[in-house]
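Please open the structure in your viewer and keep the selection tool at hand.

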Amino acid sequence: MHKLSRIMFDKRDYGLLAIVNDVLNRKNRQEYNKRKFFPFFHPHGIKKMAEPKELRIAYAVIHLLESLEAGQQDERIGALRALRDEVLNASEGAMPRNTARALLQIMKELVRTEEDEFRQLQLAHDFRITALGKPRIVRRQLRRHHLLEMPEAWNQLAFDDHVHDINTKGRKSATHLIMDAWLKGIRRLRVVYYNYIQAQFAAELLEAADIMGIEMRIGIEFAVRFRNRYAQLIWVPRGFIDTQSFLCFLAEAPVRALMEEGYSISEYRQKQILEVLDIFNRTSLPVINATYGIHLEAVPPADFLAFVRPGQASLLHLAKFIHGRLLPALQQRLSELRLQHAAASPEEQTHIEALVAEMNGMDSETILDRFLSHLKNNAIPDTLEVHDEPGVPSLLTLPPHELLQRLVRLHTGYRITLTLTGLHPADVLEILYDCEGLITRLESFNLKDYASGRSTFTSEISRLQSALNDGNVITLKRLIRTTIDQVTASTMPDKADRIEKLTGILNDIHTLRVMYKGTPLKSRIGSDSTGQSPRMHGMGLAVMDSLPRSAIREIAQPGSGRMIIPFRMTAYYRVTHIPRKVHGFLFSRLYRWTSNIPGIRWLIQERQSDWIALEHTTCMETPGNIVTLGGIHEDPGNQLYLNVPPDIAVKKPSFSLNYMNTLTRNILKMTIGFIPAFLAFALRYNWWVLRFGGAFIWFGITGVRNILQSILGGGGLQRSPLLGWRDYVNWERISDSLLYTGLSVPLLDALIKTLILDRLMGITTATSPFLVYTVMALSNGIYTSCHNAFRGFTKTVIIGNFFRNIVGIPVAIFFNAAIGGLLSIAGITDIDEILQQWAAVISKAASDFVAGVFEGAADRYQNIHSRIRDYEDKLAKILETYANLEMLFPEKNVMEVLGAMNQPLSGDAMELQRIMMIHALDLLYFWDYQPRGRTAMKMLAKTLSAEERQILLGVLQLLGKQRDISMMFVDGIIGKNFSSGLAFYLNSSAQYLSEIRNVLWPETPANF
């Protein structure tokens, strides 16, 4: 490890690892939790002076993970909001959302990997290089962590209509579930609860989904009696404007009464599970002890119930709890078997090996299937069968149509989904007819049922659904008659009654058809994921048409671990052009004239794209176009082996180019690029300037171009006086440019200019300079496009870099003529020969000059766009805080309250004032330290109303309270390393106030 550390990893990797390990100890976590004002700072604001983004993201991830385990709901929501802000603003480059997903996943793994220092260093390095936003690296990290790339427009059709959280039988809390759903790229989620839901659970779920931008639906699953068995209906209340309106609905008396009855069902189900536990203790546990030679004691019911909380007891919970108690005993037994195996005979060794293999496979799924299922143990009752016994809750006695009539009387919008688990097509047809069109959805595909082989009649039910939606009487009649024939040929005990009922439906087919004439019977597709089974695909599905090509290629690769389910959903790509705001009469008329010109509209109008899904067309079809976002664990066993397999053994540290430290890697890149460039000049030219200096000149042109681009993009001539030109330069980008530009020298100078144009075609700068520079520009454009594509750049960047070579053609011809003229004035002979020798360098200089200007302008636009987004975010928060202050002082002028320098505030007013000071400090940092911060502020100021400018200027006046703000710094409001932030504030605030007054309001109102 010590030898490798010299060439692998950076000091910053070790620093990040030290930061994470430091934060992980209890003292620093408590110190972080005390920062009540920290979330009000913008990720691009002044807190960057106290803590690097790696530290802030580590803090946010650790805080969230800690709150998921032991925190309160408010802590989890606050931690999720802070984490969202940090990761979405931490990434650079063309893939900010995918970069944020990769960063979050890497940091999650880093904080959970405490014992393997080498692995931690690898993750720390991965985090830093991924944060650079290079597309190729981001995609590599997404693949490594089993995440599919999502479109940066975030318009993918990714969903899951059936998942569970910890409050039923899932493993994750509501906040954790939403975070992982966002990580996978899910945009629509339906979380299903059994029988009832508590207001605090709904509030956390809805608020967390709102923070992460996920469309959330809450479903409550009820069991209804149907032909001596239970069917499941999922009720999804709809029509609420926000979380508070949904909570008010839950507080209504009829809804509370329904939830209380649902709670009694859960209590009844819990008693049934405890009966199964008793059966397991009496019958199955002795068999397990005898089979494996262990002494596991009976499972205490009280311990099991404590394990389940806050969820609802289920057989899955019971299997997980039994497995948790069984695994340590099996591990201890494995140690004994290893000793016995070494001294055993061949026959005994074979027996021991088979026993260990069986022990390794004894996971929770095996326990559930072998010992807790009624199919393997007759003593365990079938939970889908109706058992008429004393104490059955009244809600469990209702048939489907009676339950739905009760739900309808609750006076709210709703959707009802019929799950197909255990249902025959005859059951579905009968239930739909009895419920008279109140069922609006079918759970056409349940991933867990499909994987376990319980989706026997999916295709028949899908055809029935299509016939109902199409209103095709001929098809519908044929399907009903086929269903009658199936029931007739079956051994169902009540088939006579069923045939009579189905015959009645056949004779009333018009009524059945009308039920879904106006409102189609849509499909719902869900994973039924609980996060507890390594054998099942995790949550999340996506329509492949809406995914990037790279994701589709990854799905098609063997061993991807993802399943394309046999369902197809029709989806259409939609592009919307939105007119931009144009100021001034002349610009408005010009905009109106040009906005309808074909090919011009996409340049001058804002373009938004999304996908429209026709859900009523979803049907079973092979091959389908819906893929799972989660995979299956390669080895779901207990990790019990006589000899540990090499693929899961602890790997020794080894050298990898991916983890080479930055300085060494950059030097290596430049060297690889320099060698062919130097040889191309040294072996072909006799003049010492080109022979020994050509490569340096070539590299110098590239370096100057990158510096020019960075300066133009970051600030230009109007940049902040606190930032030098080096602060805008990305040295990692320069090293990449030098690598690829060095490889282009043999291509342009030796192959194109000399071999093809001069020797084969006789074309030189003397005979046809236009043709020479055109061919070299096209060749360089093709080469640039190829290595841009290899590096994973977007189409826009690739096309732009190709055409900037085309634009460089007249510039190269101008450079050629100008240099020729200067040489002629100087009286130098053989000008044509000199220009021919320097033609590649001239073409390179012209191309890079254009690139520096064009890419600098593109960087300028990107920086201005980012700063405006930062400013708009801050302005919205300032107005929100100001509104709270207005409500706190209804009879006072808030501007006068804020401007009173000597009047102390207390309570809520003082807290709001501190929040406004934080916003003012961030605006100060944007102005002086963020690229194009000044330009963006000047542009934004023109769009603000007089009232908004007055409020903003009033808040910024708080920067004049130097004593109060200095005490906030000293108290650690941005962390322990506050000295640089405090010094910056004291030195820059007065000048900033003077400058910002001229920007916002040159003639400052009298009350300021």
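Predicted model: local features only at pLDDT ≥ 70, side-chain atom pairs only at ≥ 80, totals over all residues.

Ten strands make up an open sheet with mixed pairing, in the order β7-β6-β5-β4-β3-β2-β1-β8-β12-β9. At its edges are β7 (522–526) and β9 (564–565), each of which pairs on one side only. Select helix α19 (residues 458–470) as well; this helix packs on the sheet and touches β6 (441–446) and β7. The direction of α19 makes about 150 degrees with that of β6.

Move on to β1 (residues 158–163) and β2 (residues 188–194), which pair in the parallel sense over three bridges. Here aspartate 160 stands opposite leucine 189 in β2.

Then select strand β3, residues 215–226. Why is β3 described as largely enclosed by the rest of the structure? The reason is that ten of its twelve residues are buried. Strands β2 and β3 pair in the parallel sense over seven bridges, and valine 191 stands opposite isoleucine 218 in β3.

Finish with β4 (residues 229–238), which runs antiparallel to β3 and is joined to it by seven bridges. Glutamate 221 faces isoleucine 234 in β4 as its opposite residue. In the hairpin of β3 and β4, two residues lie between the strands, and arginine 227 takes a positive phi near 50 degrees.

Terms used. Residues numbered from 1 in each chain as written. Heavy atoms only, no water. Pairing = 2+ DSSP bridges. Helix = DSSP H or I, 4+ residues; strand = E, 2+ residues; numbered from the N terminus. Contact = heavy atoms within 4.5 Å. Axes fitted to C-alpha atoms, helices over the stretch in contact; angles between N-to-C directions. Buried < 20%, exposed > 50% of the residue type's maximum accessible area, 1.4 Å probe, protein only.
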